[in-house]
Amino acid sequence: MPTRTNRPAAGTGATRNFNAMSETKYEAVIGLETHVQIKTRSKMFTSVAHRFAEPPNTLTDAVVWALPGVLPVLNFEAIRKTIELGLMLGCKIPEVTKWDRKNYFYPDSPKNYQLSQYDMPLCLGGSVEIELPAANRSEMGEHRNVKLTRIHLEEDVGKLTHFAHDSLVDYNRAGTPLMEIVSEPDMHSSAEVFAYLTSLKNTISAAGISDCDMEKGQMRCDVNVSVREFGSEKLGVKVEMKNLNSISNVRNCIDYEIRRQIDCLKKGIALVQQTRRYDAQSGTTQPMRTKEDAHDYRYFPDPDLMPCKISGELLSSIRAKLPELPFDRQRRYMNDLGLPYSAASVLCADSALCGYFEAAAAAYPKNPKAIANMVVNDLLRELSASEVSEKSCADSFEREGHVPTSEKLAGCRLTPENLASLVKVVDAGTISKQMAKEVFVEMFASGESAESIVEKRGLKQNSNSDELEKFCIEAIKGNGKAVEQFKGGNEKAINALIGPVMKASKGKANPGLVLEILKKIIGGLQ
Amino acid sequence: MSEEVFYKSISELEKMLDSRQISAVELAKAFIDRKNAVDSKVGAFISSNEGELLESARKSDERRAAGGKLSELDGIPVGLKDLLAVRGQKLTCASRMLENYVSPYTGTAMKKLENAGALFWGRLNMDEFAMGSSCENSALQTTRNPWDLSRIPGGSSGGSAAAVSAGECAASLGSDTGGSIRQPASLCGVVGVKPTYGLVSRFGLAAFASSLDQIGPFARSVRDAAVVLKHIAGYDRLDSTSANVPVDDYPARLSPDAFAGKKAGVPKEYFSSGMDPEVRVIVEKAVEKCGELGAEIVEVSLPHTDLAIPVYYIIATAEASSNLARYDGIRYTHRSSKAGDVVDVYFKSRAEGFGEEVKRRIILGSYVLSSGYYDAYYLRAQKVRTLIRRDFENAFESVDVILAPTSPTTAFKAGEKSSDPLSMYLSDIFTINVNLAGLPGLSLPCGFASDGMPVGLQMIGKTFDESNLLSYAYAYEQACGWNRCNPKL
């Protein structure tokens, strides 16, 4: 099985190594076609809305049903959002784009052709920056760019449900704007593919183009895998796996397929170009169809839609409002704000969280690091308290199916400004970091400000040295053994003295000051 | 010339309605009676909606009584080719495939007519999915030419032409992909207009070949056609190929002196050897008449004319093969009762639901789009289409209008060509170019052959120059009056 912890050494060649059969002389070459549903008010070619989980066939109209006489009308917002992603990923946006019909018969496609883009897509070229996993989670892994071929816009199809004797079709999804992001065969392991999908998802959701929830079918992939001998320039025989709808399926499917293909090559069995189906139950792939019985889609330009000119004004208006790329943001957090990689990477995997963090940091610009820590640790912990335990927040796919952070934050009583005020009172020495944890929980529940909770509960830290000195003397008297141990060189033994002081001060003693006083008194005793 | 109310022009009927000589309900009844009297012979109607017509006529009378006439079309019964969508009405495309289909929405051109107060009257026969030139490809109805019931009315909008010719409705709408309005208009002795591509919205027109289809009117006079066209034309957001151009008040711009100082081109390629000699003489006479009316007649050349038929049968069938894919037995069409699995549903439903000519064109269209053939056929045809368009652009640099025959023959006998698709295809030889070039064209009566069958003169205009085109036709019609002849039924 693959090991994600194998940290790649520097250099591109080495990144190809951490896969199944890594000891062999073969390397895998992987390309992805990723479909992403675009968040728009209406469908791609008609005004009816698209949403997930509505009663079947309620989000339909004459155009969706492909009744006689209907015509498509372009959704400008979907075009704008696709261009936006293209510009974020450094694609070239050709001046003219057009729509083509992809003809095939299947009941999920009401017209029996899909409106797509064949030879004049909206975006050409570009790349996706990815981060490979480091050996240690708290360290930043290697970054590289995965080249893109193109991004085009098309319409989604309906959904079939098969029963014993018949099948039912739901056209709610049919006609949903769908962008297809096609990568070059530029990846070599399931880990790279995972990093690629994570980066795409973070980028697309940061721009508000889609939530990319794979469980809701908002993001799906077709994976092309081939295997060749290291050093060979020629690509091996390509196998395509269609419609993988979860990240673990993508990973397992790729790992299985690479192993299978290498096995074949080793045994001298010729590989055939084919489409295979991934069976999640058995974790294997099965042949679906070979190149010979592949569809002839009879592509031709759609005569119902005119070619579309993309004006310079449109491009500059989109360019003027491009959101920051997640990895640019991560670098800014680390370089300009001094955040540790661990906090920066968690934040940058979620643009809603970044928004919250930046609002808090703006309210108290002196200590972004402490604010980031509080957001990443305390806030996320409280936000997910009602949810199933989260393995890792950096792993954005693991949170699929849960309420998105943006929604949770919208319902959160604790404002970014209040969170900043809590860091501020800690920095001012008004309360201890320990106490801050408790105050945070209360603030999160009530929405009150840090100051008012500290005030109301009389939590203000005790920094009165005279009073603390009395508590310290009492503690030393009652814990002779610990004092002796400390004197004997056991630094940790002093902690046994702090407890009683804290207890005596009802938890309000300034821990730093207590330590200082204790050391001074014990030193005096010597 | 007839005094019968059902043979009166829209302008005359409007005057009668305005002066309360007749009510809209009485007029509707007159057309219902006429239909009941002659349609068993003519067969223009696939279905009719007497109750709906009378109800909407009553509402029209109320509007007039209240002084709120919607337009000159208020209270005028207009027939619809059975591929135009009107909410609650059947839309069969004259096919078994859609025999029981009822449209849940109204298309744009029809909505505009409705808003003008026109009354929808009947669903008119056609060749199945508009594929044919004689109406013989209808799976549901046989239509005959009102001038000679042993002959075909032309096609594909044969029912729309025959219904107007026989006085079963005051005007009608058809669609023209390669001549489907002009050819039956010519063969039935009425006026038919194919507008510039993009002038009339195609939303609500069941598509045959999207880049060629246009909705247009049939009427008893050029003026009537101009009135109907004025109301259905105009930009529509729901049709991306619709043009955002202003719509002229066509009837107001009609002038009997339209030809004065204008140049009319006669394409030498159109007076070919394949043409019926009698038709040729009649059309040449009509051209001379235009000269007498002030036009300078000049010869023009459209050198790529002979490529039009092959180009058309590649482009139109390619688009049709894709447009008709939606009729699959899954949702609202005929579904074979013998079908097992999904592939079986497709094969058997389509085998049973489509007629021979439709299947022939779907197969041809699928073939020319197939991988490996696309460049040689579809792409090449598109390039030749550009050459054909340029032929017209060049010609229109020196002339204002082109005069030509509409059809190489008068209406032929039923069954005469139905077993020979190629000779049937050739009957559109003078009209197809106009669709390929996207230009406006019309046909109007210009005389009768010795067998008593009407002959049509085709006028082809510049892009979006309907106003002048209709005016030339009006000038000729005013001078000759062939349109005032009616068949004896």
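User: Two strands pair if DSSP finds at least two bridges between them. With that in mind, how many bridges join strand β2 of chain B to strand β3 of chain B?
Analyst: There are 4 bridges between β2 (residues 77-81) and β3 (residues 119-124) of chain B. Keep in mind that this is a predicted model.

User: Do they run parallel or antiparallel?
Analyst: β2 and β3 of chain B run parallel. Within that pair, B:Leu80 is opposite B:Arg123 of β3(B).

User: How many strands form the open sheet there?
Analyst: The open sheet in chain B has 11 strands with mixed pairing, ordered β1-β3-β2-β4-β6-β5-β10-β11-β9-β7-β8. At its edges are β1 (45-47) and β8 (296-300) of chain B, each pairing on one side only. On average, neighbouring strands are turned by 35° against each other, direction ignored.

User: Which strands does helix α5 of chain B lie across?
Analyst: Helix α5 (residues 158-165) of chain B lies across β1, β2, β3, β4, β5 and β6 of chain B, and it runs at about 155° to β4(B). The loop between β3 and α5 of chain B holds B:Ser156. A cis peptide bond joins B:Ser156 to B:Gly155, with omega about 10°.

User: Changing topic: which residues touch the most other members in the largest nonpolar core?
Analyst: B:Val78, B:Ala171, B:Val191 and B:Ala473 do, in a core of 155 residues. Helix α10 (residues 308-323) of chain B gives the largest share of this core, 9 residues.

User: What does B:Val191 touch?
Analyst: Leaving out residues up to four places away in sequence, the contacts of B:Val191 include B:Phe218, B:Val222, B:Leu442 and B:Asn483. Apart from that core lies another of 72 residues, among them A:Ala28, A:Leu32, A:Ile130 and B:Phe203.

User: On to chain A. How many helices and strands are there?
Analyst: Chain A has 17 helices and 16 strands. Its C-alpha atoms fill a box of roughly 95 × 55 × 50 Å along the principal axes. Of the 526 residues in chain A, 42% are buried.

User: At what angle do helices α6 and α7 of chain A pack?
Analyst: α6 (residues 326-335) and α7 (residues 341-348) of chain A pack at about 145°, and their axes are 9 Å apart. The crossing is right-handed. Residues of α6(A) in the contact include A:Pro326 and A:Tyr333, and those of α7(A) include A:Tyr341 and A:Leu347. By class, this contact has 7 nonpolar, 2 polar and 1 charged residues.

User: How many residues does the contact between the chains take from each?
Analyst: It takes 24 residues from chain A and 35 residues from chain B. On the side of chain A that touches chain B, α1 (62-65) and β3 (100-103) of chain A each supply at least two residues. That side divides into 16 nonpolar, 3 polar and 5 charged residues.

User: Next, the backbone. What is the phi of A:Ala66?
Analyst: A:Ala66 has a positive phi of about 60°, although it is not a glycine. The residue is in the loop between α1 and α2 (76-88) of chain A.

User: Why does A:Ala66 count as buried?
Analyst: A:Ala66 counts as buried because it has 23 C-beta neighbours inside 10 Å, and the cut-off is 20 or more.

User: And where is B:Phe464 found?
Analyst: B:Phe464 is in the loop between β11 (454-460) and α16 (466-480) of chain B. B:Phe464 has a positive phi too, of about 55°, and is not a glycine. B:Phe464 is buried, with 21 other C-beta atoms within 10 Å.

How values were computed:
Residues are numbered from 1 along each chain as its sequence is written. Chains are lettered from A and ligands numbered from 1 in the order in which they are written. This is a predicted model: local features need pLDDT of at least 70, side-chain atom pairs count only at pLDDT 80 or more; totals for chains, interfaces and linings use all residues. A nonpolar core is a set of buried Ala, Val, Leu, Ile, Met, Phe, Trp, Tyr and Cys residues joined through C-beta atoms within 7 Å. A residue is buried if 20 or more other C-beta atoms lie within 10 Å of its own, exposed if 12 or fewer, and partly exposed in between; C-beta atoms are placed from the backbone. Two residues are in contact if their C-beta atoms, placed from the backbone, lie within 7 Å. Axes are lines fitted to C-alpha atoms, for helices over the stretch in contact, and angles run from 0 to 180 degrees between N-to-C directions. A crossing is left-handed if the near helix is turned anticlockwise from the far one by less than a right angle, and right-handed if clockwise. Ala, Val, Leu, Ile, Met, Phe, Trp, Tyr, Cys and Pro count as nonpolar, Asp, Glu, Lys and Arg as charged, and the others, Gly among them, as polar.
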